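This briefing walks through one chain, topic by topic. Keep the structure open while reading.

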Amino acid sequence: MNLSDSQTGVPSDLPRRVSAMEAVLAHLREAIERGDYAVGDKLPSEAELCRRLEVSRPVLREALRALQTMGLTASRTGKGTFVISSGPVADPTFGDYAASDLMEVRRHIEIPVAGYAAQRRRAEDLDHLSHLLERMERETDTTAWVAMDTLFHLAVAQAARNPVFRRIIEEIRDALARQSAFLTELGGRREQSNREHRAIVEALADGSEHDAVEAMTHHLRRVETTLTSIVRPATADGRTTAPAEDGRRR
């Protein structure tokens with residue numbers, strides 16, 4: 001397998017280098033969807049896959065985790081990884097929460113929270129958010145960036161000066177981190193998210209409730225669009241494939 005020639009099928013505004021993990025994921029996903037590995041089949045061992053694909057174990061494990069998030073495989077302790085679907089589920093799970101549930105809550109909580117934050121933020125909130133954003137814009141390590149991504153959303157909730165909002169974001173923090181890592185690794189979201197986060201901070205600094213709400217709305221829409229593009233990649237005519245009733249792609 002020539003990893004450098006593999007494609008993920010995830011559209012982006014600018015050409016983006018495909019990572020080794022994305023290439024491995026694309027290879028395994030295509031093999032499952034072609035039926036090379038049928039439902040019920042066990043995937044080769046990690047050692048065997050690393051040998052075949054010429055990648056490190058950490059890279060392979062990230063790809064295997066992504067397959068599980070997509071609902072294609074399941075890991076059985078002491079037995080290995082098994083194929084459970086021939087196509088990705090329309091609604092992947094991040095931690096304890098389905099993506100659709102997570103996005104619904106985020107739309108109803110984080111958008112109005114941004115508006116409140118624009119009205120109630122203090123100087124220390126803006127300083128903290130600006131410093132965090134600067135660190136995120138310099139960061140190249142995905143794990144470190146994802147950790148700061150969740151801190152950013154917590155900081156916006158803190159600026160709204162309502163502890164209930166922050167408590168809700170804390171509750172879904174692990175799911176947010178998992179979703180963020182998934183989108184960053186497979187959708188190249190990091191630079192785009194940084195721009196969206198900067199727009200949010202600028203709206204908060206201006207004290208504009210309208211602009212803050214618009215900026216957060218745009219950010220969450222882009223998150224959802226990228227997630228859809230990964231789970232249901234575009235067909236040749238540019239449309240996304242529709243999920244079947246059992247959660248598989250048609």
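The side chains of E170 and R173 meet in a salt bridge, with N and O 3.7 Å apart. The model is a predicted one. A search of the whole structure finds 15 salt bridges.

**Salt bridges**

- E170 counts as partly exposed, at 32% relative accessibility. R173, its partner in the salt bridge, counts as partly exposed too, at 30%.
- Salt bridges that share partners also build a network, and its members are E46, R57 and R61.
- D36 pairs with R34 in a salt bridge, and their closest N and O atoms are 2.5 Å apart.
- D36 is partly exposed, because its relative accessible area of 46% lies between the 20% and 50% limits.
- R34 has a relative accessible area of 54%. The limit for an exposed residue is over 50%, so R34 is exposed.
- R107 forms a salt bridge with E224, and here the closest N and O atoms are 3.0 Å apart.
- This pair links distant parts of the chain: R107 sits in helix α4 (residues 99-120), E224 in helix α10, and 117 residues separate them.
- Side chains of opposite charge can pair when their charged atoms come close.

**Negative surface patch**

- Which residues gather in a patch of negative charge on the surface? They are E202, D206, D211 and E214.
- Two elements give two or more residues to this negative patch: α9 (190-206) and α10 (209-231).
- E202 is one of the patch residues, and its place is helix α9.
- E202 has a relative accessible area of 45%, which makes it partly exposed. Patch members need over 30% relative accessible area, so E202 passes that cut-off.

**Overall fold**

- The chain holds 10 helices and four strands.
- Read from the N terminus, the order of elements is α-α-α-β-β-β-β-α-α-α-α-α-α-α.
- The chain has 250 residues, and 44% of them count as buried.
- Among contacts with a separation of 6 or more, 68% come from residues 24 or more positions apart.
- The accessible surface of the chain comes to about 12900 Å². Carbon and sulfur atoms account for 47% of that surface.

**Buried positions**

- A175 is part of helix α8 (residues 173-187).
- Is A175 buried or exposed? Its relative accessibility is 3%, and buried means under 20%, so A175 counts as buried.
- Leaving out residues up to four places away in sequence, A175 touches F94, Y97 and L102.
- One of these contacts, Y97, is 78 residues from A175 in sequence, yet their C-alpha atoms are 6.7 Å apart in space.
- V231 belongs to helix α10.
- V231 is buried, because its relative accessible area of 2% falls under the 20% limit.
- V231 and G71 are 160 residues apart along the chain, and 9.8 Å separates their C-alpha atoms.

- E54 has a phi near 60 degrees, a positive value in a residue other than glycine.
- Where is E54 found? E54 lies in the loop between α2 (46-53) and α3 (57-69).
- E54 is exposed, because its relative accessible area of 68% is over the 50% limit.
- R161 also has a positive phi, near 60 degrees, and is a residue other than glycine.
- The loop that holds R161 runs between α6 (142-159) and α7 (163-171).
- R161 has a relative accessible area of 27%, so it counts as partly exposed.

Terms used. Residues numbered from 1 in each chain as written. Predicted model: local features only at pLDDT ≥ 70, side-chain atom pairs only at ≥ 80, totals over all residues. Heavy atoms only, no water. Buried < 20%, exposed > 50% of the residue type's maximum accessible area, 1.4 Å probe, protein only. Patch = residues over 30% accessible without salt bridge, like charges linked within 9 Å, V, L, I, M, F, W, Y side chains within 5 Å. Areas by Shrake-Rupley, 256 points an atom, 1.4 Å probe, with all protein chains shown as cover. Salt bridge = Lys/Arg side-chain N within 4 Å of Asp/Glu carboxyl O. Lys, Arg positive; Asp, Glu negative; His and termini not counted. Charge placed at Lys NZ, Arg CZ, Asp CG, Glu CD. Contact = heavy atoms within 4.5 Å.
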